[in-house]
Structures are given as structure tokens and as C-alpha cells.
Amino acid sequence: MNLRWGVAGLGRGASFVEWLSAIDGCEVVAVCDVSEAALQRFDGLQTYSDYSEFLEKSHLDVVAVITPGPEHATQSLAAMEAGCHVLSETPCVYSIEEAQAIVDVARRTGLKFMLAEDYIWMGWCQNLKKIVDAGKLGDIIFAEAEYTHDCRGGMLVDADGKHYPASAWGSREDLTPTWRAADLPPLFYCSHTLGPLLYLMQDRCTTAIGLNTGAKVAPEVCPVDMESGLLQTAGGRAIRLTNGFCIAHPFSLFTGLYGSRGSIRMVNLGGLQVKAWFEDDPDGGWQDLAMEYEEREDGHHWVTVMLEEFIAAIRADTDPPVDVYRSMEYTLPGICAHVSAEQGGKVVEVPDLRKS
Ligand SMILES: NC(=O)c1ccc[n+]([C@@H]2O[C@H](COP(=O)([O-])OP(=O)(O)OC[C@H]3O[C@@H](n4cnc5c(N)ncnc54)[C@H](O)[C@@H]3O)[C@@H](O)[C@H]2O)c1
């Protein structure tokens, strides 16, 4: 029988409608968005501007929550209370309390919850995983990652949902900051940096320290320009994360892994460069590793593979590849580091929700 999917939020969610519709055994039956203009593009489907009605009337098996970040936990909880499995975009929660509530409902209902942390399925991460699993780095003792992406170009929005640059602030009375600008502390968006690191090391974080810049670049629009966190892991490792979205620096992703027998430094600055140094390499020195950033060696789209693995877990009633605990382990450390930054760098404990 086809799994009946509903997709909420039709910005990035429009791509999810396409990706899901191309998977055998899946049917997107309904979409939900507060914008009528967004809904108009989905003629053949049931369309809802009211999220409760979307859940009540469309008899869904699975909901993809692809709305603005601050909506995710409330909408995920409502979907699970309505008997649906949930795939949530990042960040899946905004607080420890929201994380606990989702863990509780997943335990009580047996429904699957998965954070759609697609970077793990990208070519670069799958390639690094093979190197790490082959033991070429020895024991990884320190890892770091940076996601810096100048998002100032669309940080303001008008009543029709049209985006404007942060520099347009004050030029018109109807322009307000988007959720990404006003309600997304940089490290709340940590899963693209932290998720791959924890996946590669099979570890989880126990404490967090954070520092941030405050608002210097576009102070009326975005309250924190850049933020860094230092995380301790249960496996005794240290992790450094840096995120910044209100800064004159186009998209880049950096990852560094430092092991007892080798190291890797990977950076995408408009093109991927991966350098590795392996102690047991007879030629010695830094070597270039050839790999693609997004494209996988199997030629499949990374998001499709992620979706197929989630669907397989629903069908087989097994844990999804990023289960409810892992979803929170990829998300909460960044929230804790932000809380720390707001408290002058105090150490904040990252709760172990497996024991909660
Ligand atoms: N994994 C990735 O690489 C990646 C890339 C882009 C975005 N994202 C994530 O995807 C999510 C959506 O991002 P986006 O860029 O599409 O955001 P967006 O703000 O551009 O669009 C969100 C859509 O949701 C609609 N919406 C707003 N409130 C709603 C509500 N209460 N109920 C239903 N619909 C509502 C808006 O009208 C809009 O169409 C975010 O969580 C973002 O972090 C992830």
C-alpha cells in the first residue's frame, strides 16, 4: 500500500513534494502552507492553509515538516498526536523541553521521528565515512566544522512573502525580518556541521560552551552574526563548531578531523578541496582526495536515499537512520552552546535524552 504523505511548508518543501512523488510506494496527497500563492502551485493535491485541518482531513501516514524552524516542534507534536510519522527539517526543536516532548510522544506512540539531516547522505560525508571506518585516521580525538553563509540577501520580507536584502531596512515600513534573520541563532542550525561529525565518529555531546559576536553587521535585522561552540563528547573528544549567516562570506562548509594516525581537512569554497595526511602513507605528506561534494558514488540523489531509508524503517518498523534520539543529539548541542553564549560562556550540560 502507498504511504500517504503530507508536506507542510512549500519553500524547500516544494522540492520534497517532487522527491517523494518520484519514490515507489509513496504518494503526496496533501500540502499545507499559510500562503495561498504557494498552495496555488499544487493543483492536483489537497491544499490546506490551516495545519490542523490538514492533519484532520487528509488521512496521512507521514508528515514532512518543512516550515520555518520555530514551527517545527509544535507541528511535529501535533502530527504525531494525529497518528503520523514525522520527517522534520532542521532545526527540529528550539529547546530542551521541545526535544523531550518529541522523545516522549515517540516513545508513547511508537511512531517514527527523523530529522532530515541530508548532509550525511552527501558524497563527501559518505566518502569520509569509508576512510574513518577503515581506521586510516586511528582514533579521532578532535573534530571541527564551520558553516558560513551570507544570507543577508533575503533577510527581510513584505506582506506578500517577497524577500528583500537586510540593507533595505528602513526603506519601507512593511518590511520585517524573516525567521532566519530574527529567530535563528546561528548554532540552532548546527545539524549540517555537527550531524556529519557525530555520524563519522559515532559519538554524542555531553557539554557545551558558546561565544557569539552579537549584532554588528545588520543590527536591526539579525541579532547574532556569528557563533562558535566548543563541545565535549561522551567518547572524550572535543568538537569546535562555527556558524554565521549575517556576514560578508558566501556559502562555505569546512570540516576537520584530527586522529591519532592521520588528519583530514575538507573545505567547500565554491568548489571542494579535501586534503588528507596519513601517518602510514609511505609517500608521506598531504595528499589530495578526489571526491564530489553532493553527488554520491552510486549516482543517486542524496535526499532520495535519505527518504528511502526513512520509508524502509517505517515499513519494517525499525529505527530510522536518524532516530528520535539521534535527531536531538544532532540539534541540542548547538542550542546549549547558544544558551552558554548568552550566559557569557558558562558550561551548559547537554542532556542525554536516551536516559530521560
Ligand atoms: N537541509 C537543507 O539543506 C535545507 C535547505 C534550505 C532550508 N532548509 C530548512 O527547510 C525549512 C524551510 O526552509 P525554507 O527555506 O523553505 O523556509 P521559508 O521561510 O522560505 O519557507 C517556508 C514556507 O513555509 C510557509 N509557512 C510559514 N509558516 C507556516 C505555517 N505555520 N504552516 C504552514 N506553512 C507555513 C511559508 O509560507 C513558506 O512557503 C527550514 O527549516 C530550513 O531550515 C534546509
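**Cavity, sheets, loops and pocket**

Q: Which helix gives the most to the lining of the largest cavity?
A: Helix 10 does, with 3 residues in the lining of the largest cavity. Please keep in mind throughout that this is a predicted model.

Q: And which helices supply at least two residues each?
A: Helix 10, which covers 324-329, and helix 11, which covers 332-342, each supply at least two residues of that lining.

Q: What's the volume, and how many cavities are there of 30 Å³ or more?
A: The count comes to 1 cavity of 30 Å³ or more, and the largest cavity has a volume of about 70 Å³.

Q: Which residues line it?
A: The lining consists of Arg204, Cys205, Tyr325, Met328, Glu329, Leu332, Pro333, Val350, Pro351, Asp352 and Leu353. By class, the lining of the largest cavity divides into 8 nonpolar and 3 charged residues, with no polar ones.

Q: Cys205 is in that list. How many disulfides does the structure hold?
A: The structure holds 0 disulfides. For Cys190, the closest cysteine sulfur is the one in Cys205, and at 8.2 Å this is too far for a bond. Cys205 is likewise in no disulfide, since its nearest cysteine sulfur is that of Cys190, 8.2 Å away.

Q: Are those two buried or exposed?
A: Cys190 is buried, with a relative accessible area of 0%, and Cys205 is buried as well, with a relative accessible area of 3%.

Q: Switching to the sheets, where does strand 1 sit, enclosed or open?
A: Strand 1, residues 3-8, has 5 of its 6 residues buried, so it is largely enclosed by the rest of the structure.

Q: What does strand 1 pair with?
A: Strand 1 pairs with strand 2, residues 26-32, in the parallel sense over 6 bridges, and the bridge partner of Arg4 in strand 2 is Glu27.

Q: What about the open sheet, in what order do its 9 strands come?
A: The order is 17-16-15-14-7-13-12-11-18, and the pairing in this open sheet is mixed. Strand 17 (287-288) and strand 18 (348-349) stand at the edges with a single partner strand each, so one side of each is left without a neighbour in the sheet.

Q: How do strand 15 and strand 16 run, parallel or antiparallel?
A: Strand 15, residues 262-268, and strand 16, residues 272-278, run antiparallel and are joined by 7 bridges. Within that pairing, Ser263 has Trp277 of strand 16 as its bridge partner.

Q: On to the backbone: where is the cis peptide bond?
A: A cis peptide bond joins Thr90 and Pro91, with omega at about -5 degrees. Pro91 is found in the loop between strand 5 (85-88) and helix 5 (96-109).

Q: Which residues have a positive phi without being glycine?
A: Gln202 has a positive phi of about 50 degrees, and its place is the loop between helix 8 (191-201) and strand 11 (205-212). Asp317 also has a positive phi, near 55 degrees, and is found in the loop between helix 9 (302-316) and helix 10.

Q: Buried or exposed, those two?
A: Gln202 is exposed, with a relative accessible area of 55%, and Asp317 counts as exposed at 57% relative accessibility.

Q: Last topic: what volume does the largest pocket have?
A: The largest pocket has a volume of about 1,300 Å³. Its lining is made of 45 residues, and the closest to its centre are Gly11, Arg12, Pro68, Trp179 and Arg180.

Q: Which elements give two or more residues to that lining?
A: Those elements are helix 4 (72-81), helix 7 (179-182) and helix 9.

Q: And how does the lining of the largest pocket divide by class?
A: The lining of the largest pocket divides into 22 nonpolar, 14 polar and 9 charged residues.

How values were computed. Residues are numbered from 1 along each chain as its sequence is written. This is a predicted model: local features need pLDDT of at least 70, side-chain atom pairs count only at pLDDT 80 or more; totals for chains, interfaces and linings use all residues. Side-chain values use heavy atoms; hydrogens and water are left out. On a 1 Å grid over the protein atoms alone, a cavity is a set of points where a 1.4 Å probe fits but cannot get out, and a pocket is an open set with protein on both sides within 12 Å along at least five of seven lines; lining residues have an atom within 4 Å of a point. Grid points are joined across faces, edges and corners, and a volume is the space filled by probe spheres set on the points. Helices (H or I, at least four residues) and strands (E, at least two) are DSSP runs, numbered from the N terminus. Ala, Val, Leu, Ile, Met, Phe, Trp, Tyr, Cys and Pro count as nonpolar, Asp, Glu, Lys and Arg as charged, and the others, Gly among them, as polar. Buried means under 20% relative accessible area, exposed over 50%, partly exposed in between (1.4 Å probe, protein chains only). Two strands pair if DSSP finds at least two bridges between them. A disulfide is a pair of cysteine sulfur atoms within 2.5 Å.
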